[in-house]
Amino acid sequence: MKIHPGLEKTARLPICPPMDPVGNLYHDLGEERLRNLVTAFYRRVRVDDLIGPMYPPDDWDAAEKRLADFLIYRLGGPQTYLEERGHPRLRGRHMPFSIGLAERDRWLDLMGASMREVEIPLDHVPVLGAFFAQIADFMRNRPEGA
């Protein structure tokens, strides 16, 4: 095999996909459990006094579908979210809402309770929980004290 000059050493290294701890969870958790997770989450959000009012009252079903489709796509399942909505642009889509520490923490509390309700397997809870924490923190757009 002819190797391009300068690549002699790297050409023998194994090619590995980038590490994505959540990229294959869809196969372990399944679409039904992920949709049930989102349903459990929105059941809590609808009655929550802090983040519930951020949702338009006539958009609950669509919001649930968007989050479920996003999670399914992001965790390695079908790309329905991308096909219907394009790039997630999560931060931009959430900019109209004032999101600080309290809102982030409440979102995580509701998602944590939902994960327990649908019995996310314990070996997946740390990885999925870290993913949710990263996403929720990324959504913050309000400095504390403001």
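Hi everyone, let's start with Asp-49, which is exposed at a relative accessible area of 63%. Keep in mind that this is a predicted model.

What does Asp-49 pair with? Its side chain meets that of Arg-106 in a salt bridge, with 2.9 Å from N to O. Arg-106 sits in helix H6 and Asp-49 in the loop between H2 and H3, so this pair ties together parts that are 57 residues apart in sequence. Arg-106 itself is partly exposed, at 26% relative accessibility.

Arg-46 and Asp-61 form a salt bridge through their side chains, at 3.7 Å from N to O. Here Arg-46 belongs to the loop between H2 and H3 while Asp-61 belongs to helix H3, so the parts being tied together are 15 residues apart in sequence. Arg-46 is partly exposed at 42%, and Asp-61 is exposed at 60%.

Two further items on charges. Arg-66, partly exposed at 27% relative accessibility, forms a salt bridge with Asp-59, and their closest N and O atoms are 2.6 Å apart. Then there is a network of salt bridges linking Glu-31, Arg-35, Lys-65 and Asp-69. In total, the structure holds 12 salt bridges.

Now to the inside. The largest nonpolar core has 35 residues, and Phe-41, Tyr-42, Leu-128, Phe-131 and Phe-132 have the most contacts inside it. Helices H1, H2, H3, H6 and H7 each supply at least two residues of this core.

Which residues does Phe-41 touch, leaving aside those up to four places away in sequence? They are Tyr-55, Leu-67, Trp-107, Leu-110, Met-111 and Ser-114. Thanks, everyone!

Key. Residues are numbered from 1 along each chain as its sequence is written. This is a predicted model: local features need pLDDT of at least 70, side-chain atom pairs count only at pLDDT 80 or more; totals for chains, interfaces and linings use all residues. Side-chain values use heavy atoms; hydrogens and water are left out. A nonpolar core is a set of buried Ala, Val, Leu, Ile, Met, Phe, Trp, Tyr and Cys residues joined through side-chain atoms within 4.5 Å. Buried means under 20% relative accessible area, exposed over 50%, partly exposed in between (1.4 Å probe, protein chains only). Helices (H or I, at least four residues) and strands (E, at least two) are DSSP runs, numbered from the N terminus. Contact means heavy atoms within 4.5 Å. A salt bridge is a side-chain nitrogen of Lys or Arg within 4 Å of a carboxyl oxygen of Asp or Glu.
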